[in-house]
Amino acid sequence: MPAQRAARTNDEADHPSSPVLQFGSDKPLKLDAGSLLSPFQIAYQTYGTLNDARSNAILVCHALTGDQHVANTHPVTGKPGWWEVLIGPGKIIDTSRFFVICSNVVGGCLGSTGPASTNPATGKPYGLDLPIITIRDMVRAQAMLVDHFGIEKLFCVLGGSMGGMQVLEWAASYPERVFCALPIATGARHSSQNIAFHEVGRQAVMADPDWHGGKYLDFGKRPEKGLAVARMAAHITYLSEAALHRKFGRNLQDREALTFGFDADFQIESYLRHQGITFVDRFDANSYLYLTRAMDYFDLAADHGGRLADAFAGTKTRFCLVSFTSDWLFPTEESRSVVHALNAAGASVSFVEIETDRGHDAFLLDEPELFAAINGFIGSAARARGLSA
Amino acid sequence: MTVNRAQRVDLEVVTDLIPANSRVLDVGSGDGLLLELLQETKQVDGRGLELSQRGVNECVARGLSVIQGDADTDLEFYADKGFDFVVLSQTLQATRNPKVVLDQLLRIGNRAIVSFPNFGHWRVRFSLLIKGRMPVTKDLPYSWYDTPNIHFCTIRDFVNLCEELGATVEKATALDANGQKIGLSMPWWFWNFFGQQAVFLLKR
């Protein structure tokens, strides 16, 4: 099964099981790295119906290891969409009311052009020949997708973590195209500690002999051990010490006593190994390198002369930021600095900090206070936009 | 908020001072009572700053633009004259540095509206003078050891502070114990004695 799933993941890179939009040589993607990506493609999902005024579109931006399958069963894992608790008919983001778009980011591995996609120049996967992708590149590509739907102004752009970075970039790059923005558990830049964790992950991938300098697909291999270790390390940062202690404590895994060896004696070890193993089936290792790099490079203030408020000067977009008390990847202070910048820019901004011990990943979970905030914010914005209930 | 909802007659007075479609910042917005009132009756573009996370979350869930923050430290992040009105209702006495806060209000807003309980009210004076106890009244229900109100002032004190900060009092209203406005013709000493709450419209 894992081998089959991995093969399936390889297939998804070029031939996704979701709709895909191809851009030929007449529509290249201009990259921050200085080059043009062409041809390229974006794989996406949509839910609900675009109204006649094209005013009810919501763009959902996915996080580092997410994808376009936000509210449908995942084609590789068979699991529910990653935000199905929030998005669907009759849910907080009601797809019988809104037209929801979610696309795989450029640099990803589920159908949008990324390192596992075939390089038309060589007929082989790009590997490391793909230029470095930035958050702004991802957003530029999404804007081309939104153009394709004939949508001038999105009602809402929302997302958590790396998705939240894209939301902030959308609001900064295309202020006139975003009616309201909902960045969750994110920041306007990646902190030194976050870059450090990502570097550990990348080095783990590159240290795996099966990585083959990034050309593993040419050899019919995948650096599974390295990528699993990267995922294990990263996964710890998505949780909190309190949640780990509550869930696992020092409990032993299927045994009465310590074995005096290096087996997974503790439940937490077993849990992390499971997280690592299941991840490698559905994700491309090079894609992990590219997307972590995109997050590391993100620094919205630096793109605007070092003053974050200037990124949002004159904005009419309504903002609502959400952070979680136990998130140590994007602590509340990161959100607060964005809020201060938005205040200085005179923007309409709400900010909610939610008390939870579930850490960074809380944004993906059933958090009643998060849902109440999203519901209140989207509801009042929809009234202001003249969207009927 | 440090005074309960039923006693907030000052909110109506504040609302009357604000023209329709103004840009309003409510500092210490609590559960959003004033902001909601202003949005419904005056269609203002309203924002809030509130210390308690519970209050903020409630406001946002009700569709109001409110952020969590501290009037003592976070007002500096707002732009000069970013709002037509900045409202500080029943919160001045709970700030650590009322003078700095008032100065910030006058910087951020074209006008500032400040309401506060008057510590010069006769009941307060009576309690201290005759009973020898720190006053606990309907408006100020806390004991001295658990009160969030750490910087009380009288109407006269407040007028002096406004002078110090170069603020002009454009309008002032005092409410008596029944929430009735005290006649404009009355002298300051009368306001200071019978006014239980005061609402000031300031400009600088």
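Guide: In this predicted model, chain A is divided into domain 1 (2-191 + 300-385) and domain 2 (195-292).

Visitor: How do you know that domain 1 of chain A and domain 2 of chain A are in contact?

Guide: Two residues are in contact if their C-beta atoms, placed from the backbone, lie within 7 Å, and 33 residues of domain 1 of chain A meet this criterion with 23 residues of domain 2 of chain A; therefore the two domains are said to touch. The C-alpha centres of these domains lie 25 Å apart.

Visitor: Which elements give two or more residues to the side of domain 1 of chain A that touches domain 2 of chain A?

Guide: They are helix H1 (2-14) and strand S10 (124-125) of chain A, and H1(A) provides the largest share of that side, six residues.

Visitor: What makes up that side of domain 1 of chain A by class, nonpolar, polar and charged?

Guide: Its residues divide into 16 nonpolar, 12 polar and five charged.

Visitor: How many residues do chain B and chain A bring to their contact?

Guide: The contact takes 16 residues from chain B and 20 residues from chain A. On the side of chain B that touches chain A, helix H3 (53-61) and strand S3 (65-68) of chain B are the elements that give two or more residues, and H3(B) gives the most, with five residues. By class, this side of chain B has eight nonpolar, six polar and two charged residues.

Conventions. Residues numbered from 1 in each chain as written. Chains lettered and ligands numbered in written order. Predicted model: local features only at pLDDT ≥ 70, side-chain atom pairs only at ≥ 80, totals over all residues. Helix = DSSP H or I, 4+ residues; strand = E, 2+ residues; numbered from the N terminus. Nonpolar A, V, L, I, M, F, W, Y, C, P; charged D, E, K, R; others polar. Domains from an automatic or database assignment.
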